Amino acid sequence: MAGGLQLAGYDAAAALGALWNGAFGSWYALTSSTLVRAVPLILIGLGIALAFRGGAFNIGAEGQFYAGAIAATWVGVHLAGVSSPLAIISVWGAATLAGVAWVAVPVWLRLRFGVLEVISTLLLNFVAESLVSLMVQGPLQEAQRIYPQSDPIAEAARLPLLPGTRLHVGFLLALFGAAALWYLFARTLWGFRLRAVGTGPRAAEVSGRIDTGRFTAIALAGSGALAGLAGGVEVSGVSYALFQNLSPGYGFTGIAVALLARLHPLGVVATGILFGALEAGAGAMQRDAGVPAVAVYVVEAVVIVVVLLVEAGRRAGPVAGRVRA
Amino acid sequence: MVVGFLAAAVRVATPLLLAATGETVTERAGVINLGLEGIMLAGALASALGATEWGPWAGVLSSILAGMVVAAAFSAVTIGARSDQIIAGTAFTLAAIGLTGTIYRQAYGVAGAGLALPTLGALPVPGLSRIPLIGEALFTQPAPTYLALLALPAVWWVLFRTRLGLALRATGEAEAMARAAGVRTRWVRAGATIVGGGFAGLAGGTLVLAQVGTFAEKMTAGRGYVAIAIVVLGRWHPAGVAIAALLFGAATALQFLFQSLGLAVPYQLFLMLPYALTLLALAGVVGRVRAPADLGKG
Amino acid sequence: MTAPVLELRNIRKRFGSVQALQGADFTLAPGELHALLGENGAGKTTLMQVAYGLVRPDAGEVRVAGMGVAMRSPRVARGHGIGMVHQHFTLVPALTVADNVALFAGWPVSPRALRERVRELGDRVGLPLDPDARAGRLSVGLKQRLEILKALASDARILLLDEPTAVLAPGEAEELLAVVRRFTVAGGSAVLITHKLDEALAAADRITVLREGRVTFSGPSQGQTPRSLAEAMIGENKFLATEARAGGAGLEAGSGEAAPLVRLESVEVPRESGYGLAIRPTSIAVSGGEIVGLAAVEGNGQRELLRAVAGRIMPLRGRLTVAGPVGFIPEDRTTEGLIPELTLTENVVLGSTGSEPWLVGGRVDWRGARSHTAAIIQEFEVAAPSPDVPAAVLSGGNQQKVVVGRELSRTPRVVVAENPTRGLDLRATDAIHRRLRAAAAGGAAVLFHSTDLDEVLRLATRVLVVARGVVVEPPAGASRAQVGELMVTGGR
C-alpha cells in the first residue's frame with residue numbers, strides 16, 4: 001500500500017502515520033472510531049459468511065442494511081412513551097425483519113425461477129439507495145422539511161454507551177452473534193449440513209437427503225437478517241437518524257471481512273475490527289494527509305484477490321467456490 | 001415528443017448494448033464477469049483523461065484500451081489462477097471504484113469541479129436520418145451508437161459462422177469436451193473476456209463522451225450489472241441482447257416522457273424502475289432460458 | 001511382414017504414486033482388429049491415451065508407419081490418421097451433431113455444406129445420423145455413433161475404441177463390432193480396449209493382455225481360451241468365483257419367503273428431468289435375502305426405479321412401501337456419494353439419518369462420530385490413514401468402500417446400489433460383492449443395477465429387465481442372449 005501511495009504522489013509515511021493514529025492512536029480512537037465502525041462490519045460479515053457457507057452469494061448486504069435502517073428509523077421516530085429496553089428491541093426487531101424482507105425477493109427468484117442471487121441482490125442495492133432518498137425527502141423527512149434526513153429517533157431507542165466513548169451496546173451484540181454462529185457451525189447438525197450444501201450440493205441432496213433449496217434460502221434469509229440488523233444498530237447506536245450515504249460501503253467491505261476470515265465466525269470479529277481500523281484510519285488519512293478515503297476500497301479489493309489467489313493455489317478452503325474459470 | 005422518447009431510449013440503450021454485447025461474447029465462452037461495472041468505470045475515466053489530452057477520439061481509444069487491460073487482469077486471476085469468478089469480479093469492481101476515485105482527484109483536483117470535456121456530437125447519417133421517426137431516433141446519434149449497431153451483426157457472424165465462434169461456444173457449453181477437441185480453452189476464455197472488457201470500456205467512454213460530458217465518481221450507477229442482466233434477458237444472442245437493451249432504454253427514458261407530460265412523480269421512482277423491471281424480466285425469462293452449460297465453472 | 005501402422009515401445013507412465021505403465025509394448029498391424037484386454041486399472045486406457053497424444057509418457061516411444069512421432073496432442077495424433085472413441089463421450093451436448101463433427105474434425109462451418117457432408121459420411125460407413133439433432137438428446141447408442149463419426153471424419157485410418165460396448169445391449173454391441181470389422185476389412189486398423197474376455201475372443205484378430213501396467217500376453221486370438229486369458233489378466237490360477245459363470249446365466253425364480261421388504265403397486269415414476277414417465281405402472285415385490293439385479297441399457301428407467309425405492313424420487317402414482325432403514329449407494333461416488341473436500345468422518349455424518357448415537361438433539365458429538373468412522377474403516381478394510389483425511393485422497397475403490405461402509409453400517413433392511421463397482425479393479429469389485437451378499441444373507445433386500453450385464457447375472461439371485469420403462473421378468477433358465485434381447489425389445 002505504501003508503494004501505491006508513493007506512486008500516486010502522496011507522502012506515504014505521513015499517510016500511513018495518519019492511518020495508524022486514526023485507528024489506534026488513542027483509547028478514544030480505538031473505541032469510538034475503530035470498534036464503532038467494526039460493529040456493522042462484523043454483523044454483515046457474519047451474515048455473508050453464513051450465506052457463503054450455504055453456497056449462496058449475498059452481494060446485497062448494502063441494500064439490506066439500508067432496508068433495516070429505514071425500518072429502524074420509522075419505528076424509532078414513531079415510538080412514543082415506550083420504555084428503553086422495549087424500544088430498542090422493537091427497533092432492532094423491525095430492522096431484522098426488514099433485512100429478511102429485502103432478501104426475500106432474491107430468494108424467491110432463485111428458488112422459483114433460478115435467477116442468480118448475485119444479480120438480484122446487487123440490483124436491489126440500487127433500489128434501496130433510491131428508497132432511502134425517497135424516504136428522507138418524503139415520509140420520513142424531519143419536521144422542518146429543510147434537510148434530506150429524518151427526525152432523530154426517540155431517546156428510549158438509543159443504545160447505551162460505554163462512558164466516555166461512543167462505543168455502544170451493539171458491540172456486545174456483534175460479539176454474541178459471532179459466538180452463536182460459531183456454535184451453530186461447529187457443533188450442530190444443521191450447521192454441518194449447511195456446510196455440506198455449500199461444498200457439495202449434489203452429494204448433500206443424494207447422500208445427505210438434505211433439501212438444499214431450503215437450506216440456501218434459510219442461510220440467505222439469515223444473511224439478510226444480520227445485514228438489516230446492522231442497519232438498525234447503526235441507526236440506534238451511532239446516527240440516531242436516517243440520511244443518505246449512511247453506509248460507506250459496509251455491504252461490500254463485509255465481503256472482504258468474511259473472506260479474509262475464511263468464513264469463520266470468530267475470525268470475522270478479528271477481520272471486522274481490522275477493516276474498522278482501516279476505515280477509521282482512512283478518514284484521518286483524508287483529513288491529515290489528503291489521501292481520498294475511497295482509496296480504502298482498493299485495499300479491500302486487494303485483500304479479496306489475495307485470499308482468492310492463496311486459496312486457488314491450494315485448491316482448497318471454504319471459499320474456493322464452485323464458480324471458477 | 002415520441003421521437004424525443006425514442007431518441008432518448010436509443011441514447012440510454014447504447015452503453016448498455018455495448019457492454020452487454022461484449023459480455024455476451026464473454027459468457028458464451030463460459031466466463032461471468034461481474035467486474036463489468038468496474039471496467040465501465042475505468043473506461044469512463046480513461047476516456048476523460050484521453051479526451052482532455054488529445055481530444056474525443058483519443059478518449060474513445062483510451063476507454064477501449066483501459067477496458068481490455070482491466071479485463072486482462074481479471075482473466076489472469078480467474079482463468080489463469082482459477083479463482084472464483086464472482087468474488088473476483090466483485091473485488092475488481094470495488095478496486096475500480098477506489099482507483100478511479102483516487103486517480104480522478106489526483107488528476108483534476110478536488111471532486112466537484114465540473115469538468116467540461118470535448119464530446120462527440122450527434123452524427124446524422126446522410127439519407128437514413130431523414131426517415132420519419134426512426135431516422136431521427138436511430139440515425140442521428142453520436143458515433144458510438146453506430147459502432148454498437150455495427151458490432152451486433154459482426155459478433156453474430158463470428159459466433160455462429162466461424163470456427164473460432166464454434167470453438168468459443170463449445171468452450172462455454174462443455175469446456176472439458178472442447179479441450180478434448182483440441183481447443184485451447186483457457187486462451188479462448190481469456191480472449192473472450194478481454195474482448196468483452198474492450199466493449200465495456202467503450203461503454204464507459206460513451207457515457208462520458210457522448211452523453212454526460214464529464215466524469216463523476218461512481219457514475220456508472222449499476223449499469224454494468226444491468227448489462228449482465230440484459231445478456232440473460234437476451235438469451236446470450238446478439239439479437240436478443242439488442243432488443244433487451246432497447247427495452248431497458250425505453251423504460252429509463254419513460255421518466256423524460258413523464259416529465260414532459262407534466263406528471264409529478266418523485267424522481268426516485270424512476271431511478272428504481274429500471275432495476276425493478278430488470279428483476280421482473282429476469283424472473284419471467286430465466287425459467288425457460290438456458291445459459292451456456294459451463295458458465296462460471298472451472 | 002508388413003510394417004506395423006502403430007507401435008508403442010517400452011512405455012512408462014507414473015501418475016503421482018501409481019506406476020500406471022511399466023514398460024509396455026504394443027504393435028498394431030494394418031487391417032487388424034486388435035483387442036487390448038485387462039481388468040480395470042490395468043493401464044489399457046492410459047496406453048492408448050499415449051498413442052492418441054492425450055498423455056505424455058515418462059519414457060518410451062510411439063511410432064506410426066515405422067517413423068518415430070512425438071505425440072504431443074490429439075491434434076498431432078489426428079494428423080497421423082489416429083482417431084479415438086472414448087469411453088466417456090466427449091461430445092458437446094448443447095451443439096448439434098454437425099457442429100460436433102465440425103468442432104472435432106476441423107471441418108469448415110458453413111451450415112448447408114456441413115450438414116450434407118455429415119449426412120453423407122454417416123450413410124457411407126453405415127452409421128446414419130441426423131446432422132441437426134442436438135447431441136445431448138441422442139440415445140446412448142446414437143451418441144456413440146456420433147463419437148465414431150467424429151473419429152472417422154478426421155480421416156482416421158487407425159481407430160482406438162475405449163470400452164465401446166460397455167453401455168450397449170448385446171445386440172447393439174454386435175452391430176457395433178460388425179461396423180468396426182467393416183472398417184478393418186476396408187483397410188483400416190482398430191484397437192478394441194475391453195475388459196470382456198468373450199468379446200476379445202470373438203471379435204479380435206490379435207489380443208494383448210495388460211496386467212498392472214505390463215504386457216503379460218500378446219498374440220493371435222486363435223488358440224486362446226477364456227481361462228488362458230483370465231490367467232494373463234489376473235495372474236496365477238486365482239480364479240475368483242466371479243468368473244465361473246461367464247457365458248451362461250443360470251437364473252432361478254425369485255424365492256419370496258418372508259413378507260416383502262419392498263413393494264411396488266402400480267407405481268409410476270417420473271423422469272428426473274420432470275418430463276414424461278421413466279417407469280410405467282409397475283408392480284413388484286422384493287423379499288429379504290433376495291438380490292435383485294436390474295438388467296438394462298442406460299436410460300431405460302432403471303435409475304429412476306432404484307432412486308424411487310431409495311426415496312430420492314417421488315412416484316407419481318401407485319403405492320410404494322419400503323421397509324427402513326434404506327442404504328443407498330449412488331452411481332457417482334465423487335459427486336453424489338461423497339463430498340471429496342470433507343473428511344471421512346464428515347462424510348459419514350453426511351449420511352446420518354438422525355437416529356445415530358452421536359447425534360443428540362441436533363448437536364454433533366464429533367468424537368463419537370470419529371470413532372464410529374474409524375470402526376467403519378477397519379471393518380470394511382478401507383486403506384485410509386485416519387478418519388480425518390479428506391475423502392479426495394483415497395483411491396476410487398477405497399472411496400466406494402467408505403460409501404458402502406457408511407450405508408451398510410446402518411444395518412439397513414433395504415440396500416439400493418447403482419453401478420456399485422464401476423471403475424473398480426477385480427479385488428475391490430469382489431469386496432463389494434461380498435458385502436452385498438452378506439447384507440442379503442443377513443435378511444436385507446438388495447436391489448442393484450450394473451451396466452455390465454455379466455455382473456448382473458453373476459451377482460443377482462433374481463434378474464429383472466427394464467426396457468423403455470417396463471419391468472419384465474425373464475423366464476426361468478433364460479440364457480444371456482435372451483436376457484440381452486429382452487433388454488432391447490422389452491418383451492414386445
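In β7(C), the residue that bridges to I82(C) is I158(C). This is a predicted model, in which local features need pLDDT of at least 70 and side-chain atom pairs count only at pLDDT 80 or more, while totals for chains, interfaces and linings use all residues. Residues are numbered from 1 along each chain as its sequence is written, and chains are lettered from A and ligands numbered from 1 in the order in which they are written.

β6(C) and β7(C) pair in the parallel sense over 4 bridges, where pairing requires that DSSP finds at least two bridges between two strands; strands (E, at least two residues) and helices (H or I, at least four) are DSSP runs numbered from the N terminus. Both strands belong to an open sheet of 6 strands with mixed pairing, ordered β6-β7-β8-β3-β9-β10 in chain C. At its edges, β6(C) and β10(C) each pair on one side only.

| Element | Residues |
|---|---|
| β6(C) | 82-85 |
| β10(C) | 214-220 |
| β7(C) | 158-162 |
| α5(C) | 140-153 |

Helix α5(C) packs on the sheet, touching β6(C) and β7(C), and its direction makes about 170 degrees with that of β6(C); axes are lines fitted to C-alpha atoms, for helices over the stretch in contact, and angles run from 0 to 180 degrees between N-to-C directions.

Chain C also meets chain B: 14 residues of chain B are in contact with 14 residues of chain C, contact meaning that C-beta atoms, placed from the backbone, lie within 7 Å. On the chain B side, α7(B) and α8(B) each supply at least two residues, and α7(B) gives the most, with 5 residues.

Technical notes: Two residues are in contact if their C-beta atoms, placed from the backbone, lie within 7 Å.
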